[in-house]
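Hello,

Here is the structure I promised to pass on. Please open it first, then read the notes below.

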Amino acid sequence: MKIHVREFRESDIPRLVQILTLNDQYKHPAIEGPESMKRVAMCDAAVFMIAETDKQICGFIKAVYDGSRALIHLLSVHPDYQHSGVGTALVDAVAAEFIRRGAPTVSVTATEQSVGFWEKIGFRRVPVLLMLKELK
Ligand SMILES: CC(C)(COP(=O)(O)OP(=O)(O)OC[C@H]1O[C@@H](n2cnc3c(N)ncnc32)[C@H](O)[C@@H]1OP(=O)(O)O)[C@@H](O)C(=O)NCCC(=O)NCCS
């Protein structure tokens with residue numbers, strides 16, 4: 001399967017919401033929804049990339065590098081395309097962009113179910129917890 005990775009476009013949004021919903025990753029539209037996607041696309045520190053195969057969007061990745069830490073905060077591959085190298089291609093593309101920007105490392109906010117994937121592509125666990133506070 002030939003995978004093409006490119007930058008996000010606003011016309012991608014409905015398909016990205018569909019992929020997130022199928023993967024049970026669309027519980028907080030204020031954080032992951034269309035308006036947030038548009039803001040991320042405008043942010044210079046962000047990297048927002050789409051994977052396509054035969055012109056069909058099959059996954060996407062969002063990450064940020066602020067000059068210190070580079071952090072992948074969302075990766076989602078359509079269930080029909082999982083285990084076909086799409087996730088790896090997206091992480092490789094983000095890593096290449098962060099190397100270009102001078103980032104020394106890259107981290108990810110991972111779920112327990114996806115830890116095996118991250119370890120397979122070279123990430124290791126670190127003793128850090130993600131903590132959250134609602135602002136509204
Ligand atoms: C986790 C996810 C991003 C992996 O993407 P993918 O395109 O299926 O991964 P790849 O095909 O590039 O897999 C690379 C390797 O990791 C393995 N792998 C994939 N998902 C795995 C998982 N959940 N656990 C353990 N290993 C996994 C693959 O078998 C493959 O191994 P191989 O090279 O020996 O064949 C994808 O399954 C997904 O979107 N899941 C739902 C959402 C999610 O969990 N996102 C990550 C949250 S941080």
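Predicted model: local features only at pLDDT ≥ 70, side-chain atom pairs only at ≥ 80, totals over all residues.

Start with one residue. Aspartate 80 counts as exposed because it has 10 C-beta neighbours inside 10 Å, and the cut-off for exposed is 12 or fewer. Look for aspartate 80 in the loop between β4 and α4.

Now the overall fold. The protein has 5 helices and 5 strands. Read from the N terminus, the order is β-α-α-α-β-β-β-α-β-α. The C-alpha trace spans about 40 × 35 × 30 Å along its principal axes. The radius of gyration is 14 Å, which agrees with the value near 14 Å for a compact globule of 136 residues. Buried residues make up 23% of the 136 residues. Take the contacts with a separation of 6 or more: 54% of them come from residues 24 or more positions apart.

Next, the ligand. Which residues are closest to the ligand? They are Gln82, Gly87, Thr88, Gly116 and Phe117. In total, 20 residues surround the ligand. By class, 6 of the shell residues are nonpolar, 13 are polar and 1 is charged. Three elements each supply at least two residues of this shell: β4 (70–77), α4 (86–101) and α5 (115–120). Find those three on screen, and you can trace part of the shell yourself.

Best wishes

Key
Residues numbered from 1 in each chain as written. Near = placed C-beta within 6 Å. Helix = DSSP H or I, 4+ residues; strand = E, 2+ residues; numbered from the N terminus. Nonpolar A, V, L, I, M, F, W, Y, C, P; charged D, E, K, R; others polar. Buried ≥ 20, exposed ≤ 12 C-beta atoms within 10 Å, placed from the backbone. Rg over C-alpha atoms; globule rule 2.2 N^0.38 Å. Contact = placed C-beta atoms within 7 Å.
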